[in-house]
Amino acid sequence: MTVFLDALREARSRKILAVGIVVSLLFIALFWLAYSIGFSRLETDNPQDRAIAATAMTVLGLYAVQFLAAFLAILLSTGAIAAEVDSGRALSILARPVPRWSWLVQRTAAFGSLVVAYVVVMVIAVLTIAAGIGGFSALDPGRAIALLIAEVVFLIAAGVCLSTRLSAIAAGVVVVVAYGLAWLAGIIEFVAATLDNQSLERVGIAISLVIPSDALWRSASYYLQSPALLAAGDFGLPFASTDPPSGWLVLWGLVYIALLAAAAIWSFRRRDL
């Protein structure tokens, strides 16, 4: 428990929490302003057109939220172990009777809890604004939040795992590049589906299986859209999915997280401090 609290204090001392709060408040204010202006200038009373506008703006806002959450997860996780080892603080702490795996798990849980709380608060804030201004109602916000949490937990697990062997900067670069490749895979799948190109689609799916962060976002995005538009089937966004998520994909994402966690513990137990 002491390690957990120390990690939270460390995040606060590094100004990560303060900067995150300020940036998030600015984002929420800008989203509210853009949503208000967008709806005030809609020149149609057609319910479906208004639903399309509400869905597009809401999903786009939440797309930005998952980007912010992803980079917060990468920033916290890639320095979780490497920074402590490089500074020598890990050696002084682990000289006491503290198991390495326990120290690693508690630090990961501390930073993970911050990112999870961030996701929950930001998604609720965006959906509340969308409901209040545009009358928007998502298909299943609870499942969407759970899948977004799975996405950021995957990034945290990957960052911590790499942090046990690489420097904080090197680990951060690797995870950011991997996150970018996953995003590109999602775009490839969308283009392939539009062009009915199965070969291209298989390339995107293969990358998504190796790096499932964007696939988890797209799974969440299905539940963040309007039920009426999903039922109509004539509306789609390049950064969201109109198909229900595959249970096997979600299961693979959870198994992947467990494998990364086990690899991080194994790697850190064998690292020279």
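User: How many helices and strands does the protein chain have?

Analyst: Helices (H or I, at least four residues) and strands (E, at least two) are DSSP runs, numbered from the N terminus. Here the protein chain has twelve helices and zero strands. This is a predicted model: local features need pLDDT of at least 70, side-chain atom pairs count only at pLDDT 80 or more, and totals for chains, interfaces and linings use all residues. Residues are numbered from 1 along each chain as its sequence is written, and side-chain values use heavy atoms, with hydrogens and water left out.

User: What share of the residues of the protein chain counts as buried?

Analyst: Buried means under 20% relative accessible area, exposed over 50%, and partly exposed in between (1.4 Å probe, protein chains only). Of the 273 residues of the protein chain, 44% count as buried. Helix α10 (residues 213–223) is mostly covered, with eleven of its eleven residues buried. Among them are Trp217, Arg218 and Tyr223.

User: Is Thr58 buried or exposed?

Analyst: Thr58 is in helix α3 (residues 47–77). It counts as buried, because its relative accessibility is 0%. Contact means heavy atoms within 4.5 Å. Leaving aside neighbours within four places in sequence, Thr58 is in contact with Phe31, Tyr35, Val126, Leu127, Ala130 and Phe136. For the protein chain, residues 24 or more positions apart account for 78% of the contacts with a separation of 6 or more.

User: And Asp196: buried or exposed?

Analyst: Asp196 is exposed, with a relative accessible area of 63%. Its place is in the loop between α8 (168–195) and α9 (198–210). Phi of Asp196 is near 55°, a positive value in a residue other than glycine.

User: At what angle do the axes of α7 and α8 cross?

Analyst: Axes are lines fitted to C-alpha atoms, for helices over the stretch in contact, and angles run from 0 to 180 degrees between N-to-C directions. The axes of α7 (residues 141–163) and α8 come within 9 Å and cross at roughly 145°. Glu151, Leu155, Ala158, Gly159, Leu162 and Ser163 of α7 make the contact with Ala171, Val174, Val175 and Tyr179 of α8. By class, that contact has seven nonpolar, two polar and one charged residues. Ala, Val, Leu, Ile, Met, Phe, Trp, Tyr, Cys and Pro count as nonpolar, Asp, Glu, Lys and Arg as charged, and the others, Gly among them, as polar.

User: Which residues line the largest cavity?

Analyst: Rolling a probe the size of a water molecule over the atoms shows where empty space is left. On a 1 Å grid over the protein atoms alone, a cavity is a set of points where a 1.4 Å probe fits but cannot get out; a pocket is an open set with protein on both sides within 12 Å along at least five of seven lines; lining residues have an atom within 4 Å of a point. Grid points are joined across faces, edges and corners, and a volume is the space filled by probe spheres set on the points. The structure holds one cavity of 30 Å³ or more. The largest cavity is lined by Gln66, Phe67, Glu151, Tyr179, Trp183, Asp214 and Trp217.

User: How much space lies in the largest pocket?

Analyst: About 590 Å³. Of its 23 lining residues, the closest to its centre are Glu189, Glu201, Arg218, Ser241 and Asp243. α8 gives the most to this lining, with five residues.
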